[in-house]
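Hi,

Here is the structure I promised to pass on. Have a look at it first, and then read on for what turned up.

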Amino acid sequence: LLGSVDGTHRELTYAANASQITDAFERADMDHVRAQAYLDLGNLDLAAQYAARSVQTWGPNDRRDGVLARITQATVNALVGDTSTTRLAAAAIDQAAELRSQRARAKLAPLAKALASRADSASQDLARRAEALLQPLP
């Protein structure tokens, strides 16, 4: 599968159709993994779909488990130019900062890059905030 985009798409589709996950939060975690995989493959439509589904399942109060999905969702939205980008990015960056999770902070790098590529000042400010969090925790 490595190096084969078609093979990867085929396996992701198979996993989505064959999966018998009944626990909503296990499904949310799997949806995030799929969102990240589709983002890495450049399929922003499917990445957005799976990221939104994951974020919706985690809900607003599940910060530790949901923050990675929120970062992925904000990254996808920034890349496609969605109008909700600044709201979603600000929430994801805030949650990553509150958690002090090095894993969550490392996931901010693609978001920072996507935000920096946008021309508006709000996105530029958010990119700087995200980049500042990329420094290792003391």
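Is Asp94 buried, partly exposed or exposed? Asp94 counts as partly exposed, because its relative accessibility is 34%. (Buried means under 20% relative accessible area, exposed over 50%, and partly exposed in between, with a 1.4 Å probe and protein chains only.)

Before the rest, some housekeeping. This is a predicted model, so local features need pLDDT of at least 70 and side-chain atom pairs count only at pLDDT 80 or more, while totals for chains, interfaces and linings use all residues. Residues are numbered from 1 along each chain as its sequence is written, and side-chain values use heavy atoms, with hydrogens and water left out.

On confidence: the protein chain has a mean pLDDT of 87, and 86% of its residues reach 70 or more. Where pLDDT is low, the predicted coordinates should not be read in detail.

Now the overall picture. The protein chain has 8 helices and 0 strands; these are DSSP runs (H or I, at least four residues, for helices; E, at least two, for strands), numbered from the N terminus. Of the 138 residues, 40% are buried. If you take contacts between residues at least 6 apart in sequence, 59% join residues at least 24 apart, where contact means heavy atoms within 4.5 Å.

Back to Asp94 and its partner. Asp94 and Arg129 meet through their side chains in a salt bridge, 2.2 Å from N to O. Asp94 is in helix H5 and Arg129 in helix H8, so the pair ties together parts that are 35 residues apart in sequence. Arg129 also counts as partly exposed, because its relative accessibility is 36%. For the record, a salt bridge here is a side-chain nitrogen of Lys or Arg within 4 Å of a carboxyl oxygen of Asp or Glu. The whole structure has 5 of these salt bridges.

Helix H8 (residues 121-132) deserves a paragraph of its own. Its 12 residues should span 16 Å at 1.5 Å a residue, and the end C-alpha atoms are 17 Å apart, which agrees. (The expected span is 1.5 Å times one less than the number of residues.) Ser123, Leu126, Ala127 and Ala130 are buried in H8. Those buried residues fall within an arc of 105° when seen down the axis, so they line one face of the helix; the arc is that of the directions from the helix axis to the C-beta atoms. Helix H5 (85-99) and H7 are among what covers them. Ser121 and Ala132, on the other side of H8, are exposed.

One more pair to look at: Arg53 and Asp31 form a salt bridge, the closest N and O atoms being 2.8 Å apart. This one links distant parts of the chain, with Arg53 in helix H3 (residues 44-58) and Asp31 in helix H2 (residues 24-41), 22 residues apart. Asp31 counts as buried, because its relative accessibility is 0%, whereas Arg53 counts as partly exposed at 35%. Arg34 joins in as well: Asp31, Arg34 and Arg53 are linked in a network of salt bridges.

Cheers

Key
pLDDT = per-residue confidence, 0-100.
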